[in-house]
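Here's a quick walk through one chain, the way it meets its partner, and a single residue on the other side. Have the coordinates open while you read.

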Amino acid sequence: MNLPRALRVLRFPRLQLQRHALRTALALGGIAVAMLLWTIIRSAELGVALATERGASDTKLVVYRQNRYCPFASQLPQHYAESIERIPGVRSVSPVKIVVSNCRASLDVLTFRGVLPEWIDAELLPGVEMLQGSADEWRSRGDAALVGEELAARRRLRAGDTFRSAGVTVVVAGIFSSDDPQDRNSAFVHLPFLQEQAKRGGSGGIVTQFTVTVDDPSKLESVATAIDERFASDSHPTSTAPEKSFVANAAKDVVQLAGFASWVALAALAAVFALVANALALAMQARVRETAVLEVLGFTGSLVAWMTVAEGLALALVGGAIGAVAAWTGLWVLRPAFSAEGAVIEILPSASVLLAGLAASAVIGVAAALVPALRAARLGTAQALRAG
Amino acid sequence: MPLVEARGLTRTYRKGEQEIRPLDGLDLDIDAGRFVALMGPSGSGKSTLLNLLAGIDRPTAGSLVVDGVDLAALSRRELAEWRSRKVSIVFQLYNLVPVLTAYENVELPLLLHDLPRRERHARVVRALERAHIAHRHDHMPRQLSGGEEQRVAIARAIVTEPALLLADEPTGDLDRSSAESILDLLSSLHRDEGRTIVMVTHDPRAAERAQATLHLEKGRVAETIARTGAKESSRAPANTEAHA
């Protein structure tokens with residue numbers, strides 16, 4: 001095909017789209033809504049994948065209360081830490097008190113993690129970058145919180161602000177960035193402070209879980225078994241699992257939902273295909289005489305097919321871009337995250353999802369335009385003029 | 001050598017069990033620079049001949065050479081390329097593209113030509129002026145009268161400087177006054193610019209504008225009337241090779 005000519009004739013489909021404004025707007029609207037849905041679902045799937053695959057270490061165990069699934073219900077005596085420390089293979093034990101603002105499904109969950117200063121120094125600070133405030137400020141105040149950047153952005157928090165959630169009032173001592181979605185969506189506070197705040201009738205000395213670091217990754221299973229056996233006949237039996245599988249298990253229902261949602265995402269792509277194909281099929285049907293006139297003027301069948309494909313591509317790409325960018329912008333502004341058993345799952349505005357959405361729109365636009373394009377290219381000119 | 005040379009030109013269609021033969025061994029020569037009218041009853045083969053001359057239909061048998069090119073030998077793609085350079089048609093119902101302005105409609109065939117933008121613009125303006133419709137260049141077809149639409153269609157037909165200008169009942173959908181002005185325009189294109197025009201018409205007054213009228217019957221030229229001046233004519237015998 002003559003390239004300059006192929007580029008020149010693109011003006012024709014552009015004007016067709018511009019001057020059939022209502023038809024174009026309706027098609028674009030439908031495509032945009034479908035791609036908005038696809039982008040949000042794909043972003044949620046990405047958030048689940050990140051939470052379950054990246055945000056966990058190979059040398060850590062989480063000790064939780066047996067048969068409990070919500071941080072409110074998992075209550076373990078803090079003194080268990082001393083017994084756990086004595087189990088062979090355990091390098092360190094950190095008691096953690098977790099308070100979430102909402103134990104049900106919510107897109108704005110705030111997680112307080114009560115930890116000891118040693119844990120902050122050993123586990124948190126080496127992997128994060130302080131954006132505002134300082135760890136020293138956190139150490140100097142009992143009611144201080146180190147807040148992850150996603151949580152800070154969602155709640156519009158800055159260092160020095162005071163905020164209250166789940167009955168806990170804290171002062172923001174610092175804001176940090178982290179690669180770990182669990183950390184960047186949490187507020188780390190002093191353990192005794194959180195225990196005191198969450199006492200509600202006498203639960204001082206109670207924690208939600210222990211994070212246990214083992215000295216050898218190959219000992220994860222044996223240490224976990226030893227911990228659970230140690231407390232099996234206690235009044236607070238435990239359930240210990242590698243951090244990875246703990247997060248994966250916590251998010252199991254969400255993963256299942258994400259699996260179902262991926263079908264919805266596929267349906268959204270099918271909707272884009274149907275909308276583009278329908279818009280073009282109707283347009284080409286209404287343009288039989290126009291197409292015949294183009295061929296009389298010397299437009300070849302392949303040139304007519306190219307213009308039809310370009311029209312489909314433009315519809316899908318513009319509609320897809322509107323939907324994907326709207327979803328991306330919405331996620332970027334709202335930064336929604338939800339919690340499953342204390343594990344935070346972000347719905348991330350990802351550039352890769354945005355690009356994948358645009359690419360999918362382009363491919364679908366071309367595919368949906370192929371049949372109308374071939375039909376237009378094979379139009380019998382004389383017959384079309386007679387029939388038109 | 002004539003611009004159009006048809007020998008034994010035959011076109012048949014099948015309609016169910018029945019074979020229809022709108023052109024049946026037609027012989028015809030048309031010299032360059034002539035203005036020829038085609039007349040005849042419905043089904044006599046006028047529009048079929050026009051479609052063959054335009055390269056949008058192919059003969060079943062016989063040969064058709066236009067401007068030295070045997071149209072039957074061209075592929076579909078070559079025929080489209082040939083159409084874009086050598087022939088233009090003016091239709092009875094104008095066939096302008098409704099979403100394009102008058103200017104854009106006239107520019108449309110030039111998008112197939114490798115011309116600089118400035119040259120393309122100059123040609124479009126010249127064609128619109130030649131068709132006396134430049135003042136309506138930014139109007140959409142729905143904003144134009146029938147006569148104005150036909151002027152735009154004529155501008156679109158002449159913008160590529162075709163060797164052969166075909167007109168399929170160009171005044172058939174117009175009132176008397178508009179029809180006269182369209183015929184004046186076609187006459188002046190022939191007289192002043194030496195364009196070769198073949199016009200199908202049912203209107204004897206329109207046919208009188210042409211230098212020659214070919215009467216078709218049953219797919220052949222039944223009669224040729226050549227005019228040297230207004231109303232002056234000489235008749236050729238039927239069923240012989242027509243030369244216009």
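Chain B of this predicted model has seven helices and twelve strands. Its radius of gyration is 18 Å, close to the 18 Å that the globule rule gives for 244 residues, so chain B is as compact as a globular protein of that length. If you want a box for it, the C-alpha atoms fill roughly 50 × 40 × 40 Å along the principal axes. Of the 244 residues in chain B, 57% are buried. Take the contacts in chain B between residues at least 6 apart in sequence: 66% of them join residues at least 24 apart.

Now for the interface. How many residues of chain B are in contact with chain A? There are 29, and they meet 29 residues of chain A. Here are the totals for the pairing:

| Item, chain B with chain A | Value |
|---|---|
| Area buried | about 2600 Å² |
| Share of that area from carbon and sulfur atoms | 56% |
| Salt bridges | five salt bridges |
| Polar contacts (both residues at pLDDT 80 or more) | 14 residue pairs |

Which residues of chain B lose the most area to chain A? They are Val99(B), Leu111(B) and Leu112(B), and together they account for 24% of what that side buries.

On the charged side of things, Glu295(A) forms a salt bridge with Arg76(B), and the closest N and O atoms are 3.8 Å apart. As for who supplies the surface, helix 2 (76-86) and helix 3 (102-107) of chain B are the elements that give two or more residues to the side touching chain A. Helix 2 of chain B brings the largest share, seven residues. Sorted by type, the residues on that side of chain B split into 14 nonpolar, five polar and ten charged.

Finally, hop over to chain A and pick out Thr211(A). This residue lies in strand 11, which covers residues 209-214 of chain A. Is Thr211(A) buried or exposed? It counts as buried, because its relative accessible area is 9% and the cut-off for buried is under 20%. What does Thr211(A) touch, leaving aside residues up to four places away in sequence? The list has Lys60(A) and Leu61(A), then Ser92(A), Val93(A) and Ser94(A), and also Val96(A).

Technical notes. Residues are numbered from 1 along each chain as its sequence is written. Chains are lettered from A and ligands numbered from 1 in the order in which they are written. This is a predicted model: local features need pLDDT of at least 70, side-chain atom pairs count only at pLDDT 80 or more; totals for chains, interfaces and linings use all residues. Side-chain values use heavy atoms; hydrogens and water are left out. Helices (H or I, at least four residues) and strands (E, at least two) are DSSP runs, numbered from the N terminus. Buried means under 20% relative accessible area, exposed over 50%, partly exposed in between (1.4 Å probe, protein chains only). Contact means heavy atoms within 4.5 Å. Buried area is the accessible area (1.4 Å probe) that two parts lose on being put together, summed over both. A salt bridge is a side-chain nitrogen of Lys or Arg within 4 Å of a carboxyl oxygen of Asp or Glu. A polar contact is a pair of N or O atoms within 3.5 Å; within protein, one must be able to donate a hydrogen and the other to accept it, and residues adjacent in sequence count only if both atoms are side-chain atoms. Ala, Val, Leu, Ile, Met, Phe, Trp, Tyr, Cys and Pro count as nonpolar, Asp, Glu, Lys and Arg as charged, and the others, Gly among them, as polar. The radius of gyration is taken over C-alpha atoms; the globule rule is 2.2 Å times the number of residues to the power 0.38.
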